[in-house]
Amino acid sequence: MSASGQFYNAQAATCAANANKATLDNERDKYLRAQAAWEALATRESETQAARLKREADKLSPQEELS
């Protein structure tokens with residue numbers, strides 16, 4: 001995982017911990033929404049990195065000719 005992916009996951013974990021400590025409902029909801037957003041960013045980063053690695057692998061592998 002890239003540095004930004006690790007950062008996104010760390011932020012999501014921080015938001016989850018803050019949500020667990022929150023005493024007000026609106027504060028808890030804010031942290032839970034932020035957690036979901038950070039997790040979405042981490043997922044997108046992971047998918048982007050996987051697609052990039054696949055493209056690079058496809059460039060290195062010999063192309064099969066269709067006949």
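Visitor: Which residues of helix 2 are buried?

Guide: Tyr 31, Gln 35, Ala 42 and Glu 45 are the buried residues of helix 2. Buried means under 20% relative accessible area, exposed means over 50%, and partly exposed is what lies in between, with a 1.4 Å probe and protein chains only. The model is a predicted one, in which local features need pLDDT of at least 70 and side-chain atom pairs count only at pLDDT 80 or more, while totals for chains, interfaces and linings use all residues. Residues are numbered from 1 along each chain as its sequence is written, and side-chain values use heavy atoms, with hydrogens and water left out.

Visitor: What do the buried residues of helix 2 pack against?

Guide: Those residues pack against helix 1, where contact means heavy atoms within 4.5 Å. In the other direction, helix 2 is included in what covers the buried residues of helix 1. Helices (H or I, at least four residues) and strands (E, at least two) are DSSP runs, numbered from the N terminus.

Visitor: Which residues of helix 1 are buried?

Guide: Gly 5, Tyr 8, Ala 12, Cys 15, Ala 16 and Ala 19 are the buried residues of helix 1. They lie on the same side of the helix, because they cover an arc of only 100 degrees around the axis. That arc is taken over the directions from the helix axis to the C-beta atoms. The exposed residues Ala 3 and Lys 21 are carried by the face turned away from the buried side.

Visitor: How do you know that the span of helix 1 agrees with its 19 residues?

Guide: The expected span is 1.5 Å times one less than the number of residues. For helix 1 that gives 27 Å, and its end C-alpha atoms are 27 Å apart, so the two agree. Helix 2 has 36 residues and should span 52 Å; the distance between its end C-alpha atoms is 53 Å, which also agrees.

Visitor: What makes Arg 28 and Asp 25 a salt bridge?

Guide: The term requires a side-chain nitrogen of Lys or Arg within 4 Å of a carboxyl oxygen of Asp or Glu. Arg 28 and Asp 25 have an N to O distance of 2.8 Å, and their side chains meet in a salt bridge. The two residues are three apart in helix 2 (residues 25–60), which means about one helical turn separates them. Arg 28 is partly exposed at 27%, whereas Asp 25 is exposed at 53%.

Visitor: How many salt bridges does the structure hold?

Guide: There are two salt bridges. Asp 58 and Lys 54 form one of them, with their closest N and O atoms 3.0 Å apart. Here the residues are four apart in helix 2, again about one helical turn. Asp 58 counts as partly exposed at 36%, and Lys 54 as exposed at 52%.

Visitor: How many aromatic pairs are there?

Guide: The count is three. Among them is Phe 7 with Trp 38, an edge-to-face pair with 5.6 Å centre to centre and 85 degrees between the planes. The pair joins parts 31 residues apart in sequence, because Phe 7 lies in helix 1 and Trp 38 in helix 2. The rule takes rings of Phe, Tyr and Trp (its six-membered ring) with centres within 6.5 Å; planes under 30 degrees apart are stacked, over 60 edge-to-face, and the rest tilted. Phe 7 is partly exposed at 42%, as is Trp 38 at 23%.

Visitor: Why is the pair of Tyr 8 and Trp 38 called tilted?

Guide: Their ring centres are 5.8 Å apart and their planes stand at 35 degrees, so the pair is tilted. This pair also links distant parts of the chain, with Tyr 8 in helix 1 and Trp 38 in helix 2, 30 residues apart. Tyr 8 is buried, at 19%. Phe 7, Tyr 8 and Trp 38 form one aromatic cluster.

Visitor: What sits over the ring of Tyr 31?

Guide: The charged end of Lys 30 does, 4.8 Å from the ring centre. The term asks for NZ of Lys or CZ of Arg within 6 Å of the ring centre and within 35 degrees of the ring normal.

Visitor: Why does Arg 33 count as exposed?

Guide: Its relative accessible area is 57%, so Arg 33 is exposed. Arg 33 is found in helix 2, and its C-alpha atom is separated by 9.6 Å from that of Ala 19, 14 residues apart along the chain.
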